[in-house]
Structures are given as C-alpha cells and as structure tokens.
Amino acid sequence: MSNSQFEKVLAETAGKVEAVLENLLPRAEGPEAQVLDAMRYATLGGGKRFRPFLACESARLFDVQDACALRVGAAIECIHTYSLVHDDLPCMDDDDLRRGQPTVHREYDEATAVLTGDALLTLAFEILADEDTHEDHRIRCKLVSRLAAASGGHGMVGGQMIDLASEGKDINIGSITRLQQLKTGALIAVSCEAGGILGRASPEALHALHAYAHDLGLAFQIADDLLDIEGETETIGKTAGKDQNAGKATFVSILGLERARAQARMLSDQAIKHLDPFDDRADMLRAAAQFVVDRQN
Ligand code: GRG
C-alpha cells in the first residue's frame, strides 16, 4: 500500500473521530464557558488522530462495531490532547505553537490551559465509563484501568517526569528508550490494546498487538526526533529544532542521524513481523508501521 493510500484512510478515520469528539465535547456555555471553549479549541484544532486510528484498526481485527472503537479512540485522543496542552506550558516545554496554531496558554492563559488539560483527562474516563462505549461493564472497567495505567505515574506522566529530570544530563540509549516507552509508547500501546479489549481478543492476540505497538511507538518517537531536526515549522505544526536547541538528549543526539534512521526502519519492519498471526485485516496496521517512519509531520 502506498503512503498516499494510507494517508487517505488515516484522514477518513480522523474525520469520523472528529465528528464523535464534536458531539462528546461539552458546548461552551455558562460561566465556565472559557475552559469548555479551550477544550474544543485544543481538541478540534487539527492533529493526525493516529492513536484513534490504531484503536479503530486493532478493533477491526476482531470485528468490533465502528461506533464503539471510535468512542474509545476519542477518549484516547482527549488524553493525548491534554498531554500536549500541559507539555506546552511554560513550566514544561514552553511552546507557542501546536498543530499549527497558538498553544492553549497563548490563546487563553496559563490557568485555563491547566484546567483544559485536567478537564480533557477526566472527560476521557467519562466517555469510557458510558454504556455507549460497550454494553459489558467488565470491558468498560478494563478499558478505564488500562488507559489510566498507561497515562499515569508509571506511564506517560512518569515518562514526562523522567524527561524533565534528565534535562542537561548525559543519558544513555537504555535510559532514553525507557523514557520514551513511557512518555510516548504507553499511549500508543494502549491504543492498540484497546481494540483487542473491545473485541475480547485472546491473550496471544493481545500479546502480538502489544509487541507490534512497542516497536511502533519507538519508531514513531525516533521519527519525531528526526523531524525536530529535519522538519520545517510550517510542516510539523510546532517549533522545529526545539530539542536540538535545548541540548536535549534524543535518539538522534545519541545515535546520530543515519543510525537513528536505520533504527527506526528496523523497528518498523519488526513491528510488521509481529502482525504475522493476523490476516489481511491487519494491512492498515502494517501500513501504519511504514507511515510512522516516512511521515513529514
Ligand atoms: C504533560 C503529562 C504530560 C505529558 C506530556 C506526550 C507528551 C507527554 C508530550 C508531548 C511532547 C512530544 C512532542 C512528544 C513527542 C511525541 C509526540 C507525542 C508527538 C505528538 O504526537 P502526534 O505526532 O501529534 O501524534 P498530533 O498533533 O498529530 O496529534
């Protein structure tokens, strides 16, 4: 499958997820309207919707209804968006541009950006806990518990903490791999796992999906590090060269451009191999592994 065919399907899924998010995000009304407006601004203002795509395509392997997978994808996107809003704050990465538009604290103010992230995080769990997400409360509970674990102190938040604590320090490839597995990889992994949970996948199938997501997440992060150096601000929608200018340790600063590129390709190939137990319904996931290393934004 060519990258343009893949991008077409990715964009179609993004459109469906946005329609679901548009409905699930509260209307900006009442005295609290500012935070509700900022939630809509942050969430509906672009983004590839790659994590919802992974949830939908993993769910497709087990013939899960689209509507359920899209709700789970929307919940994961709320968590991802919250992480971006908080990451852009002056106390963290201090960025002015995200998804090609001013960051939330720039468009509104810092307190509103903190509250926007908080409200998106909690909205994600409200969506998952709703009966419309799955009729079986045990499946809903499992989704809540897995997403909470992936997002929290031993997941994305933990990775962010290690990242902040590593600033200005010389860290090795093992440490950066663990940091990125938590910071970026955990949410990518749970996106794939969620499709399997919705579809009551066997432990073997869940294991294969997890192995795929592990390698995919690392390849995605290496590609992100490469884009920080090689991408243009207009194309990537955020300030290019930030990590490099801040002297941050990344896969590229440790491995160099060529070895980092080769490592990303190797991980992408390995991710595709993990999908061997699945039939051609996994072709989009195979194409996604190719896409992450070829993407320009
Ligand atoms: C603040 C709790 C907290 C966590 C922040 C994920 C994260 C942790 C920060 C984001 C910083 C960053 C740019 C990481 C690199 C990988 C990454 C998550 C890129 C952005 O994801 P994409 O490319 O973005 O999927 P879009 O805009 O397409 O959704």
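Okay, let's start with the ligand: 20 residues surround it, and the closest are Lys48, Arg51, His80, Asp87 and Arg99. To count as near, a residue needs a heavy atom within 4 Å of the molecule. Before going on, this is a predicted model, where local features need pLDDT of at least 70, side-chain atom pairs count only at pLDDT 80 or more, and totals for chains, interfaces and linings use all residues. Numbering runs from 1 along each chain as its sequence is written, and side-chain values use heavy atoms, with hydrogens and water left out.

Now, the polar contacts, meaning pairs of N or O atoms within 3.5 Å. Lys48 has a polar side-chain atom 2.5 Å from a ligand oxygen. For Arg51 that distance is 2.8 Å, and for Arg99 it's 2.8 Å too. Taken alone, the ligand exposes 700 Å², and the protein buries 93% of that (Shrake-Rupley areas, 1.4 Å probe).

Which element gives the largest share of the shell around the ligand? That's H4, with six residues. Helices here are DSSP runs of H or I, at least four residues, numbered from the N terminus. Helices H4 (66–87), H8 (156–166), H9 (173–198) and H10 (203–230) each give two or more residues to the shell.

Let's look at H8 and H9. Their axes, lines fitted to C-alpha atoms over the stretch in contact, with angles from 0 to 180 degrees between N-to-C directions, come within 7 Å and cross at roughly 145°. Contact means heavy atoms within 4.5 Å, and the residues making it include Met156 and Ile162 of H8 and Leu179 and Leu187 of H9.

Definitions and conventions
A polar contact is a pair of N or O atoms within 3.5 Å; within protein, one must be able to donate a hydrogen and the other to accept it, and residues adjacent in sequence count only if both atoms are side-chain atoms.
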